[in-house]
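Trainee: Could you go through this one with me while I have it open?
Mentor: Gladly, ask away.
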Amino acid sequence: MNFKMMGRFIAQIITIEAAFMLPALGISLFSGESAAASGFVYTIGIILALAVLLFALCRRAGKVFSAREGLVCVALGWASLSILGCLPFYFSGAIPNFMDALFEAVSGFTTTGSSILRDVEVLPKGLLYWRSFSHWLGGMGVLVFLLAIAPAGDGDNGFTMHLLRAESPGPDVGKLVPKMRQTTLILYLIYVGMTVLNVIFLLCGGMDFFESLCTAFGTAGTGGFGIKNDSLASHSPYIQWVTTIFMFLFGVNFSCYYLLLMRQVKAVFRDDELRLYIGLALACVVFITLNVWISMRDAYNTLEETIRHAAFQVSSIMTTTGYATTDFDLWPALSKGLLMMLMVVGACAGSTGGGIKCGRVLLLFKSLRRNIRQVLNPRTVRVVRNNGKVVDEKILANTNAYLAAYVIVIIISYLLISMDGFSVGTNLTAVLACFNNIGPGLEAVGPTCNFADYSTFSKLVLSVCMLAGRLEIFPILVLFSRSTWKKR
């Protein structure tokens, strides 16, 4: 195990985190929020001290870096980000309980959006900014950012692909261009460009700059932390439609945007995963609109309002953003069932969204169809194709392994938090919401409620769920595996 290389990377990661706290510190100072400013000063001091110590201890790092080191480095890096990122909430006294502060920070960095705060509007502006910015930083991945601006090692060989594969969502991660640094840089430039465009559209709708920035951070990272207690319910239809569209766009595989920039429009619209993503979203909007309009005629004044809320919640849940414009916990059972399905399916691979991912769902269905045909005709050799290309059997095996791990983690987590005595619907949707990085669930953790009433143990379990879901399970499993730490 190359501990020195891992230590050096963690030092770089937390240094970046300290640098990104400076704008939040500036906002706190400008707003006269002395407690919040002190919280950031203490935290930045601790981070820099740790970074200097790690750099000093890991000066002579070896160049050998395997997939095992990549998985462990990513898991430890995200854990470090979360633990240190929660300190401003704790030191400032805004969230006096450390476990609550950690839950909030993990929820931010993993772009989950689940919260323990009963009144978010009382938070200082500096902490509101940091809370929302953690979504943006976690959306594309802090290690992807690190590789984009300051890759280490010799060229693109070794650690870069291992780190990117460990952190990036999806069944398969490849390069857009031959150099991995260029790939990560392209991804982040697209990410920044779309975020800026989102802010501009929100400003055009009359939203002030600070709220536009925080809302765009939550939309881009598909996180969902709002700076108002009612999320986006009190905003104009224009703001809600803009957010609906941008949530949906950030749920698309970023490789598609690169292809559009390269003017390969046909290749984009031939993408099987994108077509499934669009088709599933449209179908759910239609069914939910009809279901709510017929079953709850007095809920909304016009058909346009019903369509708007249905489209917003489908986009929010499917992309695992978690913003809300209405209390969808009051919707009919069919509509809530469709939203629960979207919690599991999630967005596209290679996006900032969570869930199993449409790409995996597609591969699972195609693999199932292949196996059924194989049973009916044992002598025939069949392959699974995606976008016209044969899918490697290793990818199919990894997809099946991911599904097995997904189900096992969901079941164990559900049983563990069930000791708190909440209803089945509350506990199940709480686990789904945290593990799929969505935010709100149903019943006691619905869009008008929060996770504050869960015990410290359950919050810890749900925090691990959020990390496991964001990192696609395996880095966290590897971190707790005894074989990982054995000498080879």
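Trainee: Is Y90 buried, partly exposed or exposed?
Mentor: Y90 counts as partly exposed because its relative accessibility is 34%, where buried means under 20% relative accessible area, exposed over 50%, and partly exposed in between, with a 1.4 Å probe and protein chains only. Y90 is found in helix α4. Bear in mind that this is a predicted model, in which local features need pLDDT of at least 70 and side-chain atom pairs count only at pLDDT 80 or more, while totals for chains, interfaces and linings use all residues. Residues are numbered from 1 along each chain as its sequence is written, and side-chain values use heavy atoms, with hydrogens and water left out.
Trainee: Which residues make the nonpolar surface patch?
Mentor: V41, Y42, I46, L50, I83, Y90, F91 and F98 make a nonpolar surface patch of about 690 Å²; patch residues have over 30% relative accessible area and no salt bridge, and nonpolar side chains are joined within 5 Å. A salt bridge here is a side-chain nitrogen of Lys or Arg within 4 Å of a carboxyl oxygen of Asp or Glu.
Trainee: And which elements give two or more residues to it?
Mentor: Those are α2 (34–57) and α4 (87–92), and α2 provides the largest share, 4 residues. Helices are DSSP runs of H or I, at least four residues, numbered from the N terminus.

Terms used:
Patches are made of residues with over 30% relative accessible area and no salt bridge: like charges are joined within 9 Å, nonpolar side chains (Val, Leu, Ile, Met, Phe, Trp, Tyr) within 5 Å. Accessible areas come from the Shrake-Rupley method with a 1.4 Å probe; for residues, only the protein chains shown count as cover.
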